[in-house]
Amino acid sequence: MEQVEQNKSPELRSEELVVNMGPQHPSTHGVLYLELRLDGEIVVDCRPHLGYLHRSIEKIAENRTYIQFVPFTDRLDYLASMNNNLGYVLAVEKLLGLPVNERVQYIRTIIVELNRVGSHLVSIGTFAQDLGAYATPLFYCFRDREKIVELFDELCGSRLTYNYMRIGGVQNDLPPGVDKIIKDFIQYERKKLDEYNELLTYNAIFLSRTKKVGILSKETAINYGVTGPCLRATGFKWDLRKEEPYLIYDRFKFDIPVGTMGDSWDRYKVRLEEIQESLKIIEQAIGAVPEGNPVAKVNKVYKPAAGEVYLRTENPRGELGFYIVSDGTTKPYRNKIRSPSFSNLSVLPELIRGLNVSDAVCVLGSIDIVMGEIDR
Amino acid sequence: MFRPIKVFFLSALSLLIGMKVTIKNLFSPPVTLDYPNKKQPMKKNFRGMVDLKPPACVICYQCIKICPTAALFLSHKTVEQDAKKKNEITKFTFNAELCCFCGLCEEVCPTDAIYLNQMYEVSVFSHDDLLSIDLMDPKKYKHLDDRTVNQPEPNPQ
């Protein structure tokens, strides 16, 4: 015991060690490079380095017409392509003052919420994988997500980069018999969520790895601009679907799940509960889809009047904002994208200071970043 | 003293509960496919390689204009046939390295001449084979077609 106390004394402190975690590391969810300064096992400081996946999407937007840019939004947060499509399309519609019919709004709501479920399933699965629950929970989550992806494949012909939303509508109408497929999926998924609770949520080993690890306070979260499940896990009730309802979210009954402490377990739990809430929204929307023609033609040239618009939507990872400046031509003058993962990642050094290296991986997994939208 | 014992038994209990889930899934039918030996047909509007029906094309250049990555190239010339002026395609190529498979060209085409086919196994040995695929050539995807359509023989073992 005495020896341990001696090691902690300032004279015998060991030298700091710099460990380069990434850019090719299985737990960094893409090409993220973390420069960790270690004192033994303890993380003293952390600096995330970005830029390995930079494709200058914002600059590309300045050289494309409004319709041509939709496929590029798929490549931002590639796990929630439909939500990105929606954010951009809503911003352009607001710029043009273009009304869309009821059927389009219902279809968009259903599809976007399904994509949210799929995205959260991936985040839960990869989080468990990062903690060392090797492959089993990840594959269960991917098995469930496959049902959503199959539906999207039938809907728009692609499994990852959907390019489904159009300015003033959508690409295709819902295929026949889709009501039954989605209702079956909701029943199926609710049963599976109970399984995840047994397998992960209340597992003693999982709890000891995630409880009280990486505690994010409400003040820090707001100061850093953290949004999405990470913010709600701190106990702050903020969801744009309730606060600034876009689409038709004000017509549905759903709750905003919040955490109590803001630790890694709360972030995980909020995502799991958000799946339940999304299923509730889909269940209410699928029975009430009105008749109409949702398909929008793409060979129309849009020329919005000079002006600017900012619109934010609730993505699975937080607030996605599009700031579009038009100069009256067919191409935007500027397209600034506010991506949720970027702000969520910037709070990482605050969270992992003083933790073990293994807990740093746990915190990074619980924040659930996607490098595609951080580097853009 | 008692805490480690308590933690040990709690963890063992959680493991058993988790095992219940995995064992239940162990006896459920598999959800995966024995891929190279068995293949699933693609969905009806799957977006594969860009393909063309040359007689249907009216040379309106809509697909060239809408393409976000400039993966298509088209040029034409005017020829006189029976004292009538007629447009004829001289070159129509497709760069599969640039293509992002968004399907916009298929949507704008007024005569459904250009479309995205069902091919999904599109890897080749050389970059040059993808850079300018001649869409006017009916045998352009012959080497890919053999792999996609013909099912391999089941493994005798």
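Predicted model: local features only at pLDDT ≥ 70, side-chain atom pairs only at ≥ 80, totals over all residues.
Trainee: Why is Val347(A) called buried?

Mentor: The cut-off is 20 or more other C-beta atoms within 10 Å. Val347(A) has 20 other C-beta atoms within 10 Å, so Val347(A) is buried.

Trainee: Where is Val347(A) found?

Mentor: Val347(A) is in the loop between helix H13 (340-346) and helix H14 (348-352) of chain A.

Trainee: Which residues does Val347(A) touch, not counting residues up to four places away in sequence?

Mentor: Leu216(A), Thr220(A), Ala221(A), Tyr224(A) and Val226(A).

Trainee: What makes helix H15 of chain A mostly covered?

Mentor: Helix H15 spans residues 357-367, and nine of its 11 residues are buried. Among them are Asp359(A), Val361(A), Leu364(A) and Ile367(A).

Trainee: Which residue follows H15(A)?

Mentor: Asp368(A) does, and its phi is positive, near 60°.

Trainee: On to chain B. How do you know that S2(B) and strand S3 of chain B pair?

Mentor: Pairing needs at least two bridges between the strands. S2(B) and S3 (residues 84-94) have 10 bridges, in the antiparallel sense. Glu80(B), for example, stands opposite Lys85(B) in S3(B).

Trainee: What is the order of the open sheet of three strands?

Mentor: The order is S2-S3-S5 (chain B), with antiparallel pairing.

Trainee: Why are S2 and S5 of chain B called edge strands?

Mentor: Strand S2 (72-81) and strand S5 (133-134) each pair on one side only.

Terms used:
Residues numbered from 1 in each chain as written. Chains lettered and ligands numbered in written order. Helix = DSSP H or I, 4+ residues; strand = E, 2+ residues; numbered from the N terminus. Buried ≥ 20, exposed ≤ 12 C-beta atoms within 10 Å, placed from the backbone. Contact = placed C-beta atoms within 7 Å.
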